[in-house]
Amino acid sequence: VQLQASGGGLVQAGGSLRLSCAASGRTFSSGAMAWFRQAPGKEREFVAALRWSSGSTYIADSVKGRFTISRDNAGITVYLQMNRLKFEDTAVYYCAAKNQFRTWMADYVYWGQGTQVTVSS
């Protein structure tokens, strides 16, 4: 299984970016896909997740109202739409996936390589 994240870049505060995560090798019909992020010197932080069977989502409080997670039903791609970006959103963003859903924020098995998001103030 490979997860390929893309879409990061440099953006001014208040701007928007959309990250994509394309999965290959299997589907996650009983599981979930998610986004995490890690800023320099900080712990990895959960951002958002999508449960594949229902399409339901869970968004971290720190980004709720600004970020949304969605999927492309034609394939196995998950998106993270990030609006009204803030300097503190600067981090490497990782996509993750798991085969079985039990919790929103833990037990992810597969990880992508990360994509850098830099928000200038």
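This is a predicted model: local features need pLDDT of at least 70, side-chain atom pairs count only at pLDDT 80 or more; totals for chains, interfaces and linings use all residues.
## Strand β4 and its partners

Strand β4 spans residues 32–38, and six of its seven residues are buried. Strand β5, residues 45–51, pairs with β4 in the antiparallel sense over six bridges. Within this pairing, W35 has A48 of β5 as its bridge partner. The hairpin of β4 and β5 has six residues between the strands, and G41 takes a positive phi there, near 75 degrees.

Strand β4 is also joined to strand β9, residues 91–98, by seven bridges, and these two strands run antiparallel. Here F36 has Y94 of β9 as its bridge partner.

## Nonpolar core

The largest nonpolar core holds 39 residues, of which M33, W35, L80, M82 and Y93 touch the most other members. At least two residues of this core come from each of β1 (2–6), β3 (17–24), β4, β5, β7 (67–72), β8 (77–82), β9 and β11 (115–120). In soluble globular proteins, nonpolar side chains tend to be buried together.

Leaving aside residues up to four places away in sequence, Y93 touches L19, W35, F36, R37, V47, F67, L80, M82, G114, T115 and V117.

## Largest pocket

By class, five of the lining residues are charged, four are nonpolar and two are polar.

## G31 in the β3–β4 loop

G31 is found in the loop between β3 and β4. With a relative accessible area of 0%, G31 is buried, because the cut-off for that class is under 20%.

The C-alpha atoms of G31 and Q100 are 4.1 Å apart in space, while the two residues are 69 apart in sequence. Apart from residues up to four places away in sequence, G31 touches L50, R51, W52, K98, N99, Q100 and F101.

Most residues other than glycine have a negative phi. R84, a residue other than glycine, has a positive phi near 50 degrees. R84 is found in the loop between β8 and β9. Its relative accessibility is 49%, so R84 counts as partly exposed; exposed would require over 50%.

D107 is likewise a residue other than glycine with a positive phi, here near 70 degrees. D107 is found in the loop between β9 and β10 (110–111). At a relative accessible area of 52%, D107 is exposed.

## K86 in the β8–β9 loop

K86 lies in the loop between β8 and β9, where R84 is also found. The relative accessibility of K86 is 36%, so this residue counts as partly exposed.

Not counting residues up to four places away in sequence, K86 touches R66 and V119. K86 and A32 are 54 residues apart in sequence, and their C-alpha atoms are 27 Å apart in space.

Terms used:
Residues are numbered from 1 along each chain as its sequence is written. Side-chain values use heavy atoms; hydrogens and water are left out. Ala, Val, Leu, Ile, Met, Phe, Trp, Tyr, Cys and Pro count as nonpolar, Asp, Glu, Lys and Arg as charged, and the others, Gly among them, as polar. Buried means under 20% relative accessible area, exposed over 50%, partly exposed in between (1.4 Å probe, protein chains only). Helices (H or I, at least four residues) and strands (E, at least two) are DSSP runs, numbered from the N terminus. Two strands pair if DSSP finds at least two bridges between them. A nonpolar core is a set of buried Ala, Val, Leu, Ile, Met, Phe, Trp, Tyr and Cys residues joined through side-chain atoms within 4.5 Å. Contact means heavy atoms within 4.5 Å.
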